[in-house]
Amino acid sequence: MTDRDHFTASPTELPTPLSVLYSVVEDAQRYTDDLKENAQGLYDHELSDFLLELRDETGRWGKRAEELLAQRLADGGVH
């Protein structure tokens, strides 16, 4: 849990590297789903371009995170 100025989570709530990778994969899928058609229908072309770029970049990061996650899980976890 965070606020704008301070990290407020206890050490037991810190994410693991694998959970961070999984979150990236989830976010990439969410952006892909949310922006599949919606961004192209916007009349604000600058905003539309930004959202499409966000979707594409997040998708690339999601694919990379998915690869890393698969490798780590195949090896039994993070080294």
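**Figure 1. Arg30 pairs with Asp27 in a salt bridge, with 3.2 Å between the closest N and O atoms.** A salt bridge is a side-chain nitrogen of Lys or Arg within 4 Å of a carboxyl oxygen of Asp or Glu. The model shown is predicted: local features need pLDDT of at least 70, side-chain atom pairs count only at pLDDT 80 or more, and totals for chains, interfaces and linings use all residues. Residues are numbered from 1 along each chain as its sequence is written, and side-chain values use heavy atoms, with hydrogens and water left out. Arg30 and Asp27 are 3 residues apart in helix α1 (residues 17-35), and therefore about one helical turn separates them. Helices (H or I, at least four residues) and strands (E, at least two) are DSSP runs, numbered from the N terminus. Arg30 is partly exposed at 40% relative accessible area, and Asp27 is also partly exposed, at 32%. Buried denotes under 20% relative accessible area, exposed over 50%, and partly exposed the range in between (1.4 Å probe, protein chains only).

**Figure 2. Arg55 forms a salt bridge with Asp56.** The closest N and O atoms of this pair lie 3.1 Å apart. Arg55 is buried, its relative accessible area being 19%, whereas Asp56 is partly exposed at 33%.

**Figure 3. Within helix α2 (residues 45-74), Arg64 and Glu67 are 3 residues apart, about one turn of the helix.** Their salt bridge has its closest N and O atoms at 3.7 Å. Arg64 has a relative accessible area of 41% and is partly exposed; Glu67, at 43%, is likewise partly exposed. The structure holds 4 salt bridges.

**Figure 4. The largest pocket contains about 170 Å³ of space.** On a 1 Å grid over the protein atoms alone, a pocket is an open set of points where a 1.4 Å probe fits, with protein on both sides within 12 Å along at least five of seven lines; lining residues have an atom within 4 Å of a point. Grid points are joined across faces, edges and corners, and the volume is the space filled by probe spheres set on the points. Helices α1 and α2 each supply at least two lining residues, and α2 gives the largest share, 7 residues. Among the lining residues are Val25, Ala28, Gln29 and Thr32, together with Arg55 and Asp56. The lining divides into 2 nonpolar, 4 polar and 5 charged residues. Here Ala, Val, Leu, Ile, Met, Phe, Trp, Tyr, Cys and Pro count as nonpolar, Asp, Glu, Lys and Arg as charged, and the others, Gly among them, as polar.
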